Structures are given as structure tokens and as C-alpha cells.
Amino acid sequence: MHTHIIPKIMPNWTEKFGYGKFINLVHNDDRSADMMQGGQFFRRIQENCWNDELRIGEYEQFNTQVQVVCTIPVMFSYWARTEDCVELSRFLNDHIADLVAKYPKNYIGLATIPMQDTDAAIKELERAKATGHVGIQIGSNINDENLSEERFFPIFEACERLGMAVMVHPWQMMGFDSMKKYWLPWLVGMPAETSRAACSMIFGGVLERLPNLRVCFSHAGGSFLPTLGRIEHGFNCRPDLVAIDNPVNPRTYVGKFWVDCITHDIDALKYILKLQGSKRVCLGSDYPFPLGDLEIGKFIEKSDLPKETIEDIFSHSTLEWLDLKKESFI
Ligand SMILES: [Zn+2]
């Protein structure tokens, strides 16, 4: 339920809009492509980032039939002018909608929406639902604003009303500029970002006010669940700082939201399962990126977890998160 995809061909947005560091793809002879960010090299990606048939084949190798796809977080472009981000989001969402229509038993779509503008975000959310998306992927912060900010609340409210699931993905990692060495934004910043998002949505009362909002936090919730004891203790010992917008203990929400299983560590996953319950842990891969679980679910399959738990992780949890029926894919 956590894979990334990008259209093979995209307009050169920086040239088209005349500003900014939008992502542009420059294809190489060896079927790889360079993601250029406003003219500067960002990352080399392989054909499995855009080739729909190739992706299905690579997934089959790990007995996995369906992939939930969303864009690559660097494409969010929340920093752009609203109208430009709307155009970009629509382009990406239409690409995924076409893919889902073409392969309804292999692909499920999550849209991206212009979170920097509440009205535009809701409009694109509604359009995404109408074109077959079952949820959205959003960043862990929006231009450095936390998800507890009131201006994001109507978007979450609309997600609940429309039955659109939300996946929170870390991006615009805190401390990025001060810890570029050793890939630290990905190894340290990303888990912290996800915890930042979970704490913000809990302490800001988003999950309290919207009990039917179906939220999933990436990478097993980042550092949120492993540091839950500290977070709860902070809530109890300094309610004057922590419980100012929501008086409910943060532990109350554990098992109400979903997380993926991307831990690369069976003992860590067992602890997550103990906290969340198997119905709230989904099979995520982060395919096709190297930090993902590219032998999809193998570490779970070969573990001593009960068969029912594995079945929950491999399909039931994701189906419930997205409010879909297993029969639709058989
Ligand atoms: Zn990811």
C-alpha cells in the first residue's frame, strides 16, 4: 500500500511556469532517467518508476498482485503558486487514474492535492475521488506548517466526508540542511517527521474531531510508536505544554490509525503489532526505491508470526484502510 510512481513524460514545469525548482525527467539510453530539480541533478531513477507492466511483473516475483500507487513526495510542490500546483497535481492524478482504469486488479490510486491552498486542495480532492482515487498522500508538514494548523482541518474534514483515506509521508525533512552527510535526512529526519505529523494530528485534535478519518502513517509511523512512552509521559507531566488543544491521552489513538510495516526488522515490527494490532498494520514496500522493502514482505513471510496476522498485514488491513473489498481484486 505504499509505492511510488511517476509519469514517463512530463512537461518541463520550470520552463512552463517560469520559476521554481520543479522536477523534470531527463531520460538516458539505459532506460534510467535523471530527476532534475530546476536544472540540478536530484536523483537517478529506473524504468520501474514509470513502466506499468514492468512494475506488475516485479511485484509478481514476490507473489504480490496489487500495488497502491502515489507520487514521489518531491513532486508535492506545496511551495509553488496554487494554480501551478493544481495543474501539476491534476497531471499526476490523471496519470494514476488512467493506470487504475487500465489495470483495476493491479493498481489502486492515491492522489496528491495542493495542500498550500485549502479550497483548491478540497476541489482537487473531490475531482480525484470522481476519477477513481480512493485517498490522498500528503506531506508530514506543509511548507513547515504542522498538520495541526486549523487551515488544514477542512481538508481532513472533507476526506472524512468523502471517505478518502489519507497517507502521511515524510517530506521536507526537518534539519535537512544541517545534516546532509550520511543520508541523515532519510535515516533520521524521515522517522522524526512522521512522528511530528502523528503528534500534530493527535495533539491538535484532528483524530479526536474526525473519528472516521482513515489515516495511515508511513514507515511504521516513524519514531512515533517506538517513542510513545516518552510522548505519553510528556503529555502527563507537562499537560500545560502538550494537552492544550486536546485533553485525550495520545495512547488512546494507537490502533485507531494505520501504519505500514516498513521496518526492515521483525522484532521492531512485532512491537508495532503489539501496539497497533494486526488490523492496523499494512503491507508497504516503498517500491521501487532502495530504502524500501524490495523483497516485498519476505521478512514477514519467513517469520514465526501467526498465519492470521500475516494475512491481516498482507491484505485485510489495507482493504479496511481504503474501504475496499477483496472480491474486487479476485
Ligand atoms: Zn515512500
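Trainee: If two strands count as paired when DSSP finds at least two bridges between them, what order do the strands have in the open sheet of 8 strands?

Mentor: The order of that open sheet is β1-β5-β6-β7-β8-β9-β10-β11, and the pairing is parallel. These labels follow DSSP runs numbered from the N terminus, with helices taken as H or I runs of at least four residues and strands as E runs of at least two. Before we go on, remember that this is a predicted model, in which local features need pLDDT of at least 70 and side-chain atom pairs count only at pLDDT 80 or more, while totals for chains, interfaces and linings use all residues. Residues are numbered from 1 along each chain as its sequence is written.

Trainee: Which strands are at the edges of it?

Mentor: β1 (3–4) and β11 (281–282) are the edge strands, each pairing on one side only. Further inside the order, β9 (residues 215–217) is joined to β10 (residues 258–260) by 2 bridges in the parallel sense, and C216 has W258 in β10 as its bridge partner.

Trainee: And which strands does helix α3 lie across?

Mentor: Helix α3 (residues 82–102) lies across β5 (67–70) and β6 (107–111), and its direction makes about 160 degrees with that of β6. Such angles run from 0 to 180 degrees between N-to-C directions, with axes being lines fitted to C-alpha atoms, for helices over the stretch in contact.

Trainee: Staying with α3, at what angle does it cross α4?

Mentor: The axes of α3 and α4 cross at roughly 15 degrees and come within 11 Å. That makes the two helices, α3 and α4, roughly parallel, given that angles under 35 degrees count as roughly parallel, over 145 as roughly antiparallel, 65 to 115 as roughly perpendicular and the rest as oblique. On the α3 side the contact involves T82, V86, S89, R90 and N93, and on the α4 side A120, E124 and A128, where two residues are in contact if their C-beta atoms, placed from the backbone, lie within 7 Å.

Trainee: How far apart are the axes of α4 and α5?

Mentor: Helix α4 (residues 118–130) packs against α5 (residues 153–162) with the axes 9 Å apart, at an angle of about 20 degrees. This pair, too, is described as roughly parallel. From α4, the residues T118, A121, I122, L125, E126 and K129 meet P154, I155, A158, C159 and L162 of α5.

Trainee: Zooming out, how many helices and strands does the chain have?

Mentor: The chain has 12 helices and 11 strands. Its radius of gyration is 19 Å, close to the 20 Å from the globule rule for 330 residues, so the chain is as compact as a globular protein of that length; the radius is taken over C-alpha atoms, and the rule is 2.2 Å times the number of residues to the power 0.38. Along the principal axes, the C-alpha atoms fill a box of roughly 55 × 45 × 45 Å.

Trainee: What share of the 330 residues is buried?

Mentor: Buried residues make up 41% of the 330, with a residue called buried if 20 or more other C-beta atoms lie within 10 Å of its own, exposed if 12 or fewer, and partly exposed in between, C-beta atoms being placed from the backbone.

Note on methods:
Two strands pair if DSSP finds at least two bridges between them.
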